[in-house]
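The following questions and answers are intended for a reader who is new to this structure. Please look through the sequence and the model before reading on.

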Amino acid sequence: MPVPVHWQALALTVEQILALAPDPAAAQAAGKLASSRVWSRLGSSDAAIWGECLGSALYQVRVAKSDLDSKCSCPSRKFPCKHALALLLRSVAQPVPAAEEPSWVRDWLEKRPVREKTRKEAAPPDPEAQAKRAEKRLERVRGGLEMLDLWAQDLVRDGIASLEERPPAFFGQMAARLVDAQATGLARRVRRIGFLAGSDPGWPRAVLEELGLVALASHAFRRLDDLDAPLRADLRQLVGFSLDKEEVVAAGDRVEDDWIVVGQIVSEDERFRSQRTWLRGLRSGRYALVLQFAPGAAPFEETLLPGSTIAATLAFWPGAFPQRALIHERRDAQATPVQRLPGFEDVGAFLDSAAAAYARQPFLERLCCTVRGVMPFCEEKHFVRDQRGATLPLAGFDNWMLLAVSGGRPVDIAGEWNGRVLFPLSVAAEGTFHALRGEE
């Protein structure tokens with residue numbers, strides 16, 4: 001069972017600290033450093049924890065308690081570096097004594113950038129020029145939709161079964177045309193159809209459902225002005241029109257709550273890392289999806305640890321069923337470790353909620369699901385069963401770990417629901433939170 005270290009603002013476990021590591025090598029090196037005798041002048045205050053670590057030089061390491069931001073004098077480009085991770089791990093193994101902040105810690109705390117970004121004053125936009133640019137983009141998008149309709153009609157005419165033999169370029173070329181037409185959201189949906197084709201025995205149904213949604217979006221966009229404002233906002237986002245943060249804060253709902261981080265998925269390619277984090281409000285009962293992107297090994301703007309609780313005001317993207325949100329204001333984290341997950345009491349209640357969500361917003365790709373007191377089991381495939389005998393099918397990487405953690409007893413589970421299967425992201429068993437890997 002992970003041992004929590006209680007700080008003024010946050011309770012951490014070894015698992016949560018290692019989740020901060022930029023790669024497995026940093027996590028492994030931090031584990032060795034944490035238990036070695038290279039540390040000196042360790043100290044802790046209300047705002048930070050610090051120490052000096054003797055490596056090829058004497059490195060000064062400090063970590064802010066409010067958001068786990070860190071700084072180290074070592075030359076590593078990784079963030080957090082192995083020394084900052086080791087300092088956190090060491091604080092779990094043995095309490096760091098309270099002390100007065102040395103000048104190098106105090107100066108860093110005072111000079112740390114404020115989270116709210118300051119923007120340079122820009123010249124007021126020209127309304128006429130904006131209108132021309134918007135109309136020109138709409139023309140490009142409509143042209144892309146015409147190409148998409150013809151592509152989909154040819155695909156259905158040739159037969160869905162032929163997709164299994166199509167090369168990746170068949171989908172990539174159509175996606176590239178949509179990108180050129182500035183319909184990047186629909187381009188991603190086309191690539192998704194390519195991934196689904198031949199992926200499992202039930203792929204024809206999944207492909208038909210996705211094609212149906214793409215066709216629905218294409219035709220609905222032509223009647224954009226006839227739709228209600230929330231669904232109009234969803235459709236614009238689906239096609240590829242984005243909002244900046246100021247527009248989200250101005251137009252979307254703001255919800256103040258204590259938010260449990262119930263699950264997280266981090267994926268990466270050659271240049272960028274993306275993080276998808278699900279939160280659940282303790283008072284509001286709302287789910288929120290926070291998306292973050294960072295180049296290379298750079299840190300994400302917000303530190304969100306699975307199993308932790310943050311006090312924050314979230315601003316939601318406008319829509320018929322708002323899920324995506326940004327952290328507008330963040331206050332101190334809660335010190336109590338998560339022992340049980342808030343959520344639905346049975347599978348039927350979740351499915352009723354999901355049906356209502358899809359009725360309001362048919363283009364939803366995924367929903368967050370937290371169900372309490374379910375039993376994981378495996379009969380050729382993996383499932384969870386509630387006390388009434390209703391089941392949900394599972395997919396993902398860590399289903400055997402989920403079985404092991406449950407020990408044959410009911411657990412609380414959180415995951416992503418794609419309309420067909422649930423990808424587990426975390427489980428709370430016997431008062432302990434465990435993060436799981438999702439679909440990436």
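Q: Which residues of helix α4 are buried?
A: This is a predicted model, and helix α4 spans residues 103-111. A residue counts as buried when its relative accessible area is under 20%. In α4 the buried residues are Trp104, Val105 and Trp108.

Q: Why do the buried residues of α4 lie on the same side of the helix?
A: The residues concerned are Trp104, Val105 and Trp108. Their directions around the helix axis are what decides the matter. They lie on the same side of α4 because they cover an arc of only 100 degrees.

Q: Where does Leu68 lie, and is Leu68 buried or exposed?
A: Leu68 has a positive phi of about 65 degrees, although it is not a glycine. Its place is in the loop between β5 and β6. Because its relative accessibility is 7%, Leu68 counts as buried.

Q: In which loop is Gln182 found, and what is its relative accessible area?
A: Gln182 is not a glycine, yet it has a positive phi of about 60 degrees. The residue is found in the loop between α6 (168-180) and α7 (184-196). Gln182 is partly exposed, and its relative accessible area is 27%.

Q: Which residues is His382 in contact with, leaving aside its neighbours within four places in sequence?
A: His382 belongs to strand β13, which covers residues 381-385. The residue is buried, with a relative accessible area of 12%. Beyond its sequence neighbours, His382 is in contact with Phe377, Leu392, Pro393, Leu394, Asn399, Trp400 and Leu403.

Q: What separates the C-alpha atoms of Ser406 and Ala428?
A: Ser406 is part of helix α12 (residues 399-406) and counts as buried at 3% relative accessibility. Not counting residues up to four places away in sequence, Ser406 touches Pro376 and Val411. Ala428 is 22 residues from Ser406 along the chain, and their C-alpha atoms are separated by 8.7 Å.

Q: What is the radius of gyration of the chain?
A: The C-alpha atoms fill a box of roughly 70 × 65 × 40 Å along the principal axes. A compact globule with 440 residues would have a radius of gyration near 22 Å. The value for the chain agrees with this, at 24 Å.

Q: How many helices and strands does the chain have, and what share of its contacts join residues at least 24 apart?
A: The secondary structure comes to twelve helices and 17 strands. The share is taken among contacts between residues at least 6 apart in sequence. Of these contacts, those joining residues at least 24 apart make up 62%.

Q: How far apart are the mean positions of the positive and negative charges?
A: The chain has an accessible surface of about 22700 Å², and 52% of this belongs to carbon and sulfur atoms. Its charges comprise 56 positive and 57 negative ones. Their mean positions are apart by 4 Å.

How values were computed: Residues are numbered from 1 along each chain as its sequence is written. This is a predicted model: local features need pLDDT of at least 70, side-chain atom pairs count only at pLDDT 80 or more; totals for chains, interfaces and linings use all residues. Side-chain values use heavy atoms; hydrogens and water are left out. Helices (H or I, at least four residues) and strands (E, at least two) are DSSP runs, numbered from the N terminus. The radius of gyration is taken over C-alpha atoms; the globule rule is 2.2 Å times the number of residues to the power 0.38. Contact means heavy atoms within 4.5 Å. Accessible areas come from the Shrake-Rupley method with a 1.4 Å probe; for residues, only the protein chains shown count as cover. Lys and Arg count as positive and Asp and Glu as negative; His and the chain ends are not counted. The place of a charge is taken as NZ of Lys, CZ of Arg, CG of Asp or CD of Glu. Buried means under 20% relative accessible area, exposed over 50%, partly exposed in between (1.4 Å probe, protein chains only).
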